[in-house]
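Please read it alongside the sequence and the coordinates.

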Amino acid sequence: MIANAEALLKPLTIKGLTIRNRVMSTSHAPGYGKDGKPQERYQLYHMEKAKGGIGLTMFGGSSSVAIDSPAAPWNQISVADDSVIPYFQQFSERVHAHGAKLMIQLTHMGRRTKWDTENWFPTLAPSVRREPASRTIPRAMDRHDIRRVVKAFADAVRRCKEGELDGCEISGAHGHLIDQFWSPSVNQRSDEYGGSLENRMRFGIEILEAMREAVGPDYVIGMRMSGDEMIADGLSHEDCVAIAAEYAGRGLVDFLNILGGQARDEMSHAVSLPNMSFPVAPFLFLPSAIKREVDVPIFHAQRVTDLATGARAVAEGHVDMIAMTRAHIADPHLVKKLMEGRDDDIRQCVGAGYCIDRIYVGGDALCLQNAATGREATMPHVIPKADVARTVVVVGAGPGGLEAARVCAERGHKVVLFEKENIAGGQVNIAAKATWREALSGIPRWLFAQVAKKGVDIRLGREATPADVLAENPDVVIMATGGRPNPGPVKGHEHAVSTWDVLAGKVEPTGSVLVYDEIGGHNAASTAEVLAKRGCLVELATHDLQIAQEVGTTNKPVHLRELYKLGTVLTPNMELIEIYPEGNRLVAALRNTMTEAEEERVIDRVVVDHGTLPVDGLFEALRGQSVNDGETDLDAMVDGRPQRWTGQPGFALYRVGDAWTGRNIHAALYDALRLCKDL
Amino acid sequence: MTPIMNPATPAAFCLSLVILSLAGLALALMARRARLWCAGRPVPVEWARGLRALPKRYLVDVHHVVGRDPYAARMHALAAGGLLGGSGLALLALIPALGGARLYWALIALAFAGALAGGVMVGRRRYPARPARLSGGRFQILPLLLTFYAAGGFLVAFDAALGGALPALAWPALALAIAGGLGLVLQIDRGPMRHAFAGAAHLVVHPRPGRFEGERATALAPLDLDAPRLGVATPADFAFNRLVGFDACIQCGRCETACPAFAAGQPLNPKRLIQDLAAALQPNATNATYKGSPYPNARAVAGIGGPDLPLVGAGAMIHPDTLWSCTTCRACVEECPMMIEHVDAIIDLRRHQTLELGALPAKASPPLMELRYADEPGGRALAARTDFAAGLTLPLILATGRADVLLWLGEGAYELRYGRTLRALVTLLQMAGVDFAVLGPEERDCGDLARRLGDEATFQRLAAENIATLARYSFSRILTADPHALHALRNEYRAFGGAYEVIHHTAFLDGLLAGGRLTVGALHEARVTYHDPCYLGRYNGEIDAPRRLLDRLGLARLEMERAGKRSMCCGGGGGAPVSDIEGERRIPDIRMAQAAATGAGIVAVACPQCSAMLDGVTGERPEVHDIAELVLMAVEAGSAKAARKDAAGKDVAGKDAARKDAARPPEPVA
């Protein structure tokens with residue numbers, strides 16, 4: 001049982017709206033919107049949190065109030081016309097049925113969006129200043145624009161009320177239009193909307209006054225804002241406190257949702273959505289400071305990944321509601337588990353940032369370690385019992401194997417899990433050795449604890465043989481044997497070592513090292529960082545356009561920051577073509593992918609990452625004896641049906657994760673979940 | 001010789017005379033002991049009622065308890081029956097018409113033969129190895145004295161019945177009877193035989209006569225807060241009939257076997273406590289004669305006392321840790337064949353410690369302080385009592401002024417663990433359409449903790465304030481999931497003018513199920529064992545409704561060895577969790593091991609204390625669920641099953657609807 005749990009489980013009443021506890025999820029954009037509406041997928045995603053006991057779930061991060069703030073780039077929600085109201089009503093009903101409250105965020109993105117999408121209108125801002133993150137150059141708003149946007153907010157809040165949402169917040173954070181007016185870094189106007197802080201606050205005040213007029217005094221309207229923009233020409237902490245005090249003092253807002261930083265460029269974006277390289281709750285001091293100055297409830301999110309931290313934040317009076325948004329993506333049943341005394345069963349967010357990173361490249365938010373999130377229509381968060389108990393052998397206790405064992409055990413099957421190492425976790429154990437990536441180890445730690453708790457027969461330190469597997473007389477055998485480093489096609493690849501070798505400590509390079517990356521993931525960047533920290537002179541080269549190209553927007557800047565700080569040479573657009581020894585050193589031949597010009601490096605080590613190849617020896621050995629010849633029924637997996645060999649005499653043989661083909665942790669978990677939930 | 005001067009044999013005649021003189025001696029010793037009882041406070045006693053009821057109290061109520069150990073029951077019937085019968089008949093043999101009849105002596109011989117058999121049984125129980133619960137010392141020679149007296153009596157009577165055919169045997173036998181009989185009589189005031197006359201007297205003047213008239217009679221007696229002395233400091237502060245009760249103890253040790261604190265190695269042994277209280281009545285008393293099991297991990301005391309000397313303290317008879325180890329579970333009382341009221345004695349002693357000396361264990365003071373200032377032992381806001389229900393509709397009686405059922409939430413409402421139980425209960429009440437309401441911020445602590453910790457003043461204040469609050473509202477009965485609150489409201493508020501019909505949630509839910517207001521699916525897989533809360537089972541006699549309810553859920557119910565009114569405490573009562581007296585083991589660990597031994601996967605509980613104590617047990621163990629949680633699970637299992645049946649029919653339509661979702665604005669969902 002965590003300390004101060006009772007502080008979290010105390011209701012909060014705002015203007016007659018009673019939220020059942022102090023745990024919430026902030027508005028965000030999971031990319032589940034469809035045609036600008038929150039449809040079934042979006043609603044089920046939030047309903048799952050409501051089922052899981054959350055007090056308040058806020059959806060629709062950056063929901064647009066006007067047609068020149070396009071919702072399309074984010075697969076987000078447009079509140080710019082009445083057609084959204086029935087969806088809101090349906091959504092409210094779904095969430096209210098499980099006792100939670102539902103609110104939305106309303107905003108105009110201003111310059112923080114694209115002009116070349118949806119309606120192709122110019123983007124707006126108080127002044128003509130390019131936003132680095134969106135690479136957009138806006139037009140400066142005139143009086144008509146201001147009047148129109150103010151009215152758009154008022155119309156939008158009316159739609160929220162008619163949609164039976166419990167309230168809304170407007171966004172004055174992350175560099176949206178309202179805080180573009182506040183921030184001297186964007187607002188260089190000389191009229192009554194620019195200059196003094198009083199003038200810069202005017203636009204937001206007009207918006208809130210118009211909104212209040214539209215829905216009356218009792219509807220809950222809050223505001224999200226920064227407690228410190230943390231840039232030289234931006235809003236200082238004192239400015240933010242003054243803004244909060246002014247808006248709250250005028251009775252315009254019923255709550256303030258405080259965060260730290262802003263998001264105008266890559267690095268500040270990564271800071272405002274702190275990943276696992278940050279400490280837990282790094283900006284809690286900001287809401288705490290503002291809470292002392294205002295009389296409205298204070299909400300706060302930013303890497304509050306565990307309930308103990310959340311409980312401390314509330315119990316010590318730093319905030320009134322603690323937002324655990326990514327924590328709910330990892331485990332939507334967090335509060336329920338707390339209330340049921342099952343806090344050990346909570347799957348804790350590790351801060352991988354996989355969810356948020358996917359949406360900034362136009363994808364949908366998915367959890368690195370929970371394949372059911374965002375797939376509530378097809379994937380269960382609570383695994384139902386099977387009608388028939390079977391014997392399942394899982395080989396390999398990496399994330400895929402652990403998930404397969406977990407799901408099968410939850411189904412009520414008898415599960416035997418083999419792992420050749422003395423510790424479960426597979427490749428995650430290697431990845432977690434890289435400096436700030438350590439928190440990844442939380443993924444197998446939770447899975448292993450669940451598997452152990454569910455009574456799986458775990459055999460560590462045992463490399464399964466065909467005889468071992470057959471001795472269990474299984475109905476199902478799942479190969480989760482993972483991968484091994486792919487040496488790649490490069491001539492002389494035998495002279496190179498893998499990123500695994502470095503991270504696992506098999507080799508300890510010194511001197512100058514070339515790290516060559518053909519994956520674009522975390523592996524090579526992490527390895528380069530580790531080597532540079534150990535004193536190596538490191539060059540990180542890649543075929544891709546940029547370093548760590550596949551790594552998302554909250555993680556890549558951290559990799560780059562660390563590599564730059566360490567003086568690592570970063571060389572994109574370069575292909576490794578040959579390695580050969582020269583004396584006791586190595587020569588690596590590189591070819592520029594644009595010019596085809598070749599260069600050579602004389603170095604002490606070459607470290608390559610070409611991903612993995614499946615470990616499939618046992619699979620091939622068992623394939624002939626299985627009823628399905630090792631085949632997987634893909635249609636059945638997608639349709640949520642049992643594999644077509646289920647129930648036949650003998651055993652069926654399947655593969656999941658990198659044993660099937662090298663991908664990532666989420667892929668391994670998703671393979672396992674969707675295969676096993678129907679076994 | 002004339003028939004008048006013609007007893008069966010001279011030895012037999014002498015036996016009668018010996019018994020007559022022994023009876024005289026016994027009476028003198030009894031009187032000496034009884035005079036000490038007069039040191040106690042006078043209390044009104046219904047002598048006539050007690051005397052009239054004595055035979056029934058002895059033959060029915062006492063033997064009901066004794067009979068739980070069939071060997072002991074047979075042993076006692078033979079020994080006591082034979083001894084009293086043989087001696088009484090032999091005494092009557094002084095009437096010549098009887099004393100001259102050989103057949104009469106045969107009858108006497110038969111009675112002594114019974115006594116002899118009883119004596120042998122007493123011996124076989126104690127030799128070669130004495131069970132730990134039985135006392136040694138004087139008790140260990142008891143079988144010898146019994147068999148001597150009974151054998152001697154038997155031989156004399158047998159000889160007389162044969163008309164003096166065994167003269168060589170008769171006189172030595174008489175000597176044997178004299179030795180044994182004198183030995184027995186000398187045990188009357190300070191030895192094992194005291195139980196016989198003190199026990200009989202106790203049955204007549206028993207402080208809780210209701211116990212013999214079908215009542216549970218477990219409410220504590222109110223303390224007069226204006227009395228010159230609060231609680232009990234010395235033996236003389238006890239009412240005289242309570243002193244009689246202590247003297248009735250036969251040191252059978254059934255209480256010590258039942259005592260959870262004793263089992264946990266805490267310094268409490270109810271038998272020793274009663275013996276210390278009895279010993280202290282003697283002027284210049286010491287505790288040296290006691291030869292039973294000690295207080296486990298006994299704290300050092302001087303072991304001296306007297307009628308007007310303090311009972312509690314390192315310089316007295318009883319160490320305070322002994323008092324504070326008690327969970328007030330009444331297991332000792334339930335087991336006592338002499339109907340002694342151990343818990344009442346402990347509470348009286350605690351009252352003095354708390355109210356006059358302020359001498360509580362360190363961790364027990366803060367909750368009492370909070371109760372005085374905040375009406376709640378955790379010092380939390382009364383309004384926060386309903387926090388557990390956030391998200392549920394919890395009607396306040398303040399809004400309507402009336403409800404059919406007033407739900408008393410109790411202290412558990414503040415606890416995360418127990419909030420789950422109350423949520424389940426509230427959900428069930430709503431499903432069943434029960435017209436209920438809560439006091440919400442007007443509910444003060446019921447005062448149970450204060451009362452058990454001896455703070456009678458705080459209890460009486462809380463009781464008065466709660467009674468005043470309840471008087472403002474109209475309801476037909478009070479429902480609670482907390483047996484401690486149930487006991488206070490049902491039994492203890494009565495003395496302060498609050499008379500309510502109070503029902504425990506297990507009985508209430510049982511009624512809802514029986515009346516068809518809730519429908520349950522079966523929870524097939526689970527094997528469950530039910531742990532009786534002391535304040536529900538022993539204090540209030542409710543052991544059937546919870547079991548009936550569990551059986552309705554389709555659970556395989558297993559019984560622990562100690563169950564029902566003889567159940568073992570979880571360790572949570574009487575303020576024991578806050579007194580926190582160190583022992584060797586934790587009581588809940590012991591109880592949980594008993595539960596696990598049944599093979600059940602679930603321990604069903606029905607009390608917030610039990611759920612907190614048992615759920616606090618670490619390691620591999622059965623799950624702990626309040627019965628309300630199990631009922632809700634079963635109701636949900638039932639509705640899930642119904643829904644599956646429903647869905648099976650509508651599957652195709654459902655998929656169609658999902659496909660249309662994207663194309664047109666949705667219909668509101670049900």
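A nonpolar core is a set of buried Ala, Val, Leu, Ile, Met, Phe, Trp, Tyr and Cys residues joined through C-beta atoms within 7 Å, where a residue is buried if 20 or more other C-beta atoms lie within 10 Å of its own, exposed if 12 or fewer, and partly exposed in between, with C-beta atoms placed from the backbone. This is a predicted model, in which local features need pLDDT of at least 70 and side-chain atom pairs count only at pLDDT 80 or more, while totals for chains, interfaces and linings use all residues. Residues are numbered from 1 along each chain as its sequence is written, and chains are lettered from A and ligands numbered from 1 in the order in which they are written.

In the largest nonpolar core, which holds 212 residues, A:Phe153 and A:Leu256 touch the most other members. Beyond its neighbours within four places in sequence, A:Phe153 is in contact (C-beta atoms, placed from the backbone, within 7 Å) with residues that include A:Val65, A:Leu106, A:Ile170 and A:Met211. A second, separate core has 205 residues, among them B:Ala79, B:Ala160, B:Leu349 and B:Leu486.

Chain B is divided into four domains, whose bounds come from an automatic or database domain assignment.

| Domain of chain B | Residues |
|---|---|
| domain 1 | 12–191 |
| domain 2 | 230–359 |
| domain 3 | 380–514 |
| domain 4 | 527–632 |

Taken over C-alpha atoms, the centres of domain 1 and domain 3 of chain B are separated by 54 Å.

In chain A, 3 strands form an open antiparallel sheet in the order E22-E23-E24; strands (E, at least two residues) and helices (H or I, at least four) are DSSP runs, numbered from the N terminus, and two strands pair if DSSP finds at least two bridges between them. The edge strands, each pairing on one side only, are E22 (574–582) and E24 (598–603) of chain A. Strand E23 (residues 585–592) of chain A is joined to E24(A) by 6 bridges, and A:Leu590 stands opposite A:Glu599 in E24(A).

A:Arg605 lies in strand E25 (residues 605–609) of chain A and counts as buried because it has 24 C-beta neighbours inside 10 Å. Not counting residues up to four places away in sequence, A:Arg605 touches A:Val497, A:Pro509, A:Val513 and A:Leu586.

The contact between the chains takes 15 residues from chain B and 22 residues from chain A. On the side of chain B that touches chain A, helix H18 (416–431) and helix H27 (627–661) of chain B each supply at least two residues, and the largest share, 3 residues, comes from H18(B).

Technical notes:
Two residues are in contact if their C-beta atoms, placed from the backbone, lie within 7 Å.
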